[in-house]
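Keep the structure in view as you read.

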Amino acid sequence: MAEQSSTARSDPHPSYQPHIVPEDDHELYDDDSDGASIESSTASLSSSIMNYRYGHYLDSKCAPASNLQADMNPMMNESKIGWTWYASLWLPAVIQAVSYCCQHHHIWSMITGGDLYRAPLPPGVSKILDLGTGTGSWAIDVAELPPNCKFEIDDFESPWNFTQPFDFVHVRNIEGSVKDYPRLFKQALANLEPGGWFEVADSTVGLFGDDDTIEKATSLSEWRDRLIEASGKFGKPMGVSHNYKQWMIDAGFENVTEELYKVPFSPWAKDRKLKELGRYQQAMMLEALEAYSLALFTRVLGWNVARIQLLLVGVRKELMDRSLHIYSRYYIVYGQKPKAS
Ligand SMILES: C[S@@+](CC[C@H](N)C(=O)[O-])C[C@H]1O[C@@H](n2cnc3c(N)ncnc32)[C@H](O)[C@@H]1O
């Protein structure tokens, strides 16, 4: 199920987006962001997020949501779910996680030009459910006003007991959090009004490239392979976003649409927007690396921390190397519950 992939030859979506043109060699490091320490450049990127203006953000299509619900982060409530050890190892990294979640939210907003969703929701939509809401950034933004947004702590893989159907169910960044996607997608369908929409957005665990520089990213490739192996063994696989479209169709959704975006792992692209996206993706990855690796690699693969840190040294080096033209894939997939259901 997991995405294997890497080179342009094995790219299952060659027509989605043109190949990314790399920056000229002599201009690759022209800005001084790599001269700063990782900590200070991350801090400066984080503060610039606060002042960012996304294209048509203010024209958001969403009416104020009067009844938005968001499934809270079970890291705060370990006893609710069956992955206690997994959650508890993540807990010390909660502050760091909040930081990279904000960066991730920003990257998504840059990709969509500020749209909070891609599904063609009709005006007046107000009953929205955000699953696995994390810091709640998406839910709070879509609700527009805090009183419109209500947080609930629950396990989204347990049976849902909502008394009313929703107009829109949304979930983002859940690779590695779900045991049974087909069941989750069916629950989403069952809890929608006829004609309602379901949207899944994810940045898949994968490493992709349009030229052969990807072959030099050996540590990142190893990291990706081990992450996919460990998450699969754990039972909550990563690298699966390329299945979302089919799983949505299989669950019974109509008008299923998949959008795919390339996001460089560092500011190596010539295009200004892709260069900026690469800067944020690089900073987010550098912050997220340990949180993603420690629990899975020690508990599932039996690695010791020294071995993990050694691999991460190589991974960080490759993330800082702009001669590697590597990128991540961001998926947005949405589908509609049949109106006649
Ligand atoms: C990577 S974070 C993404 C947060 C948020 N959706 C976003 O895009 O910013 C994944 C979130 O899903 C939550 N999660 C994972 N498994 C869950 C479950 N079974 N039930 C409810 N939430 C879950 C995690 O605690 C975490 O908050």
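Start in the loop that runs between β4 (166-172) and α5 (181-190), where N173 sits. The model is predicted. Phi of N173 is near 60 degrees, a positive value, and N173 is not a glycine. Most residues other than glycine have a negative phi. Is N173 buried, exposed or partly exposed? N173 counts as partly exposed because it has 18 C-beta neighbours inside 10 Å; burial would take 20 or more.

Move on to strand β7, residues 254-264, which contains N255. N255 is also not a glycine, and its phi is positive, at about 50 degrees. N255 has 13 C-beta neighbours inside 10 Å, so it counts as partly exposed. The limit for an exposed residue is 12 or fewer.

Now turn to the helices. Helix α6 covers residues 218-234 and helix α8 covers residues 272-300. At what angle do α6 and α8 pack? The angle is about 60 degrees, and the axes lie 10 Å apart. The crossing of α6 and α8 is left-handed.

Which residues make the contact? From α6 come R226, L227, A230, S231, K233 and F234. They meet Y292, L296, F297 and V300 of α8. By class, the residues of this contact between α6 and α8 divide into 7 nonpolar, 1 polar and 2 charged.

Key. Residues are numbered from 1 along each chain as its sequence is written. This is a predicted model: local features need pLDDT of at least 70, side-chain atom pairs count only at pLDDT 80 or more; totals for chains, interfaces and linings use all residues. Helices (H or I, at least four residues) and strands (E, at least two) are DSSP runs, numbered from the N terminus. Axes are lines fitted to C-alpha atoms, for helices over the stretch in contact, and angles run from 0 to 180 degrees between N-to-C directions. A crossing is left-handed if the near helix is turned anticlockwise from the far one by less than a right angle, and right-handed if clockwise. Two residues are in contact if their C-beta atoms, placed from the backbone, lie within 7 Å. Ala, Val, Leu, Ile, Met, Phe, Trp, Tyr, Cys and Pro count as nonpolar, Asp, Glu, Lys and Arg as charged, and the others, Gly among them, as polar.
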